[in-house]
Amino acid sequence: CIIAPELSGILAHEAVGHTAEADFVISGSVAGPCRGKQVASPIVTLTDFANTYEGKLLPTPIHVDDEGVVAQDAVLIDHGVLTGWMHNRSSAARYGDARTGNALAFAFSDEPLIRMRNTAILPGKDKLEDMIASVEDGYYLVATGNGQADSTGEFMFGVTMGYEIKHGKLGRAIRDTTVSGVAFDVLKTVDMISDEMVWLNSGMCGKKQPFPVGMGGPHIKCEINVGGN
């Protein structure tokens, strides 16, 4: 499959990002024992950006978090290797890591929680038309309506718009369906990433408190489960 930025963004946020929030790591998420290990294709780099990308302000710019820490970009996966997590002051001290400025609260009376700001897989070098041409029998998945994931990295997202790919060409549109899998398993199959970066409008993340988050990314060619048995 080739998944569009709307789906690669929700994959980065829901299926990978949450597992790399240090409070979830402490409680046993799959990203804990994987630090320093290959969890994705070598062409995959995934970052939680604090406020800008290539000099432009992102959908949810955070300059100082709600514990007074200057926000820094947090590289989660670097060329396929899980390199770090997102921290508040306490978790950074616990693991001896640099503070990333990921402690955020929705209201002044709320406890700051470790959460994402603007999470995305970085673009690659491929053209979308070349990616489509490389698929003999598969799908181009364009839009998602909802999704869910858990601390194991298992996910299922609804797909509301897509097309068949036959012999390197787009075919008929497909009805509503779902995609599912385990995030790190899917990311290991990535063999092409488009050269454009698309940031989506801020959505709301519901981790105990609502909070606006940014996400996005390029087009990604990968293997993913479509529909069900």
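How far apart are the mean positions of the positive and negative charges of the protein? The mean positions of its 18 positive and 28 negative charges lie 2 Å apart. Lys and Arg count as positive and Asp and Glu as negative, with His and the chain ends not counted; each charge is placed at NZ of Lys, CZ of Arg, CG of Asp or CD of Glu.

This is a predicted model, in which local features need pLDDT of at least 70 and side-chain atom pairs count only at pLDDT 80 or more, while totals for chains, interfaces and linings use all residues. Residues are numbered from 1 along each chain as its sequence is written, and side-chain values use heavy atoms, leaving out hydrogens and water.

**View 1. The fold as a whole.** The protein has 5 helices and 19 strands (DSSP runs, H or I of at least four residues for helices and E of at least two for strands, numbered from the N terminus). Along its principal axes, the C-alpha trace spans about 55 × 40 × 35 Å. Buried residues (under 20% relative accessible area, 1.4 Å probe, protein chains only) make up 50% of the 229 residues.

**View 2. Strands β2 and β5.** Strand β2 (residues 46-49) runs antiparallel to strand β5 (residues 74-78), and 3 bridges join them; strands pair if DSSP finds at least two bridges between them. D48 stands opposite A74 in β5.

**View 3. The hairpin of β5 and β6.** β5 also pairs with strand β6 (residues 81-82) in the antiparallel sense, over 2 bridges. I77 stands opposite L82 in β6. The hairpin has 2 residues between its strands, and H79 takes a positive phi near 50 degrees there.
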